[in-house]
Amino acid sequence: MNYSIAVLEGDGIGPEICAGAIKVLNKVGEKYGHKFSFTRYDIGGAAIDACGTPLPEKTVEGCLASDSVLLGAVGGYKWDNMPVDKRPEKGLLGIRKAMGLYSNIRPAKLWKSLVSASPLKYEAVKDGIEIIIVRELTGGIYFGERGKGGEGKDEYAWDTEKYSVYEIERIMKIACELAMKRTKKIISVDKANVLESSRLWRRTVHEYAAKHYPEITVEDMLVDNTAMQIVKNPAQFDVVVTSNIFGDILSDEAAQVTGSIGMLASSSLGDGTRGLYEPIHGSAPDIAGKDLANPIATILAAAMMLRDSFSLQREYEAIEKAVESVLEDGYRTADIMEEGRTKVSGSRMAELIAERI
Ligand code: NAD
């Protein structure tokens, strides 16, 4: 099969980490008989420099014409003082909107060979963990009605958390599809003991799963308890589905328990199979151009693209296994280096992974 991939390298370490992912994808293509074609488009600071806007029309058109999109990272010191609508991050928000992406999937995976990087006790993480948070991305309190008024001690401000059945069902569908490829268990996180919107959320996720995915077990967990359980017993989680604000907070907490930002990938999906796949970290301007950046997050983002956009489960597993084998053999980039291991550059790490596909 032929797949066209739009590559938005962005700024800082973006070009280096995308090069690593492309190397691995080409090896997967060779081994499994697929052809991946890559077309680069500007985004973020690089696009501001080239065309005066963080998201040129050509980039949007290129992404919409592709089968899927791989993104490096955007931002850097150079553009920190630009007006708000000309900031590199505007490019990211814009492309998500243009592609109609309403879900964000973030697997917080702690590999067995990296358990010592976790700030949690060894007993809690000894077998590795993988918490996959499916976050609703375009609704809830971040997009609800808001307002302010009054003066002095009577000055006030308010925001609204509002969800419709339609919005809850479509994010639940994404969580169910993912759970079907894994343990068939979903934990749905809400605050149904207090919030009306959470009570609708709770009722809808159960009704949706029972009707469309009867094999899946859905368990509810209150958000405050979830925050505790992630540090107490992270191994109990697999797929977690939740609202925009709860997902925002819990996905950062889950990422932190893995202890290595350079290893974590994320994807954003909408209707259809085209998605936006990226590492969760930023453009790391402090190490850009030094071949120090860990490419694994971006390589795993590319692996998620194979599984979730192209339904290439075997090829996804091949990349995961290659990463695991390189880590087990003790190779580490500077950010995850430990005593007694072999330190390698970012480009060498990508080569080692590609060699093991
Ligand atoms: P950052 O994630 O870029 O860096 C935080 C720290 O982690 C730095 O010390 C960096 O060197 C290190 N790091 C990050 N990725 C790494 C990797 N792959 N390998 C090794 N080390 C890595 O966050 P920041 O410093 O707060 O932000 C830098 C820029 O990135 C800012 O302009 C910010 O706005 C932008 N940013 C972009 C995105 C995105 O594009 N999705 C996300 C977050 C931040």
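Hi everyone, let's start with Cys18, which is buried, at a relative accessible area of 0%; buried here means under 20%, with a 1.4 Å probe and protein chains only. Cys63 is buried too, again with a relative accessible area of 0%.

Quick housekeeping: this is a predicted model, with local features needing pLDDT of at least 70, side-chain atom pairs counted only at pLDDT 80 or more, and totals for chains, interfaces and linings using all residues. Residues are numbered from 1 along each chain as its sequence is written, and side-chain values use heavy atoms, leaving out hydrogens and water.

For Cys18, the nearest cysteine sulfur belongs to Cys63, 12 Å away.

Now, on to the ligand. Which residues come nearest to the ligand? They are Val74, Gly282, Ala284, Asp286 and Asn294, out of 20 residues around the ligand, where being around it takes a heavy atom within 4 Å. By class, that shell holds nine nonpolar, seven polar and four charged residues, with Gly counted among the polar ones and Cys, Tyr and Pro among the nonpolar ones.

A backbone N or O atom of Ala284 sits 2.8 Å from a ligand oxygen. A polar backbone atom of Val74 is 2.9 Å from an oxygen atom of the ligand. From His281, a polar side-chain atom lies 3.1 Å from a ligand nitrogen.

How values were computed. Disulfide = S-S within 2.5 Å. Buried < 20%, exposed > 50% of the residue type's maximum accessible area, 1.4 Å probe, protein only. Polar contact = N/O pair within 3.5 Å; in protein donor to acceptor, adjacent residues only side chain to side chain.
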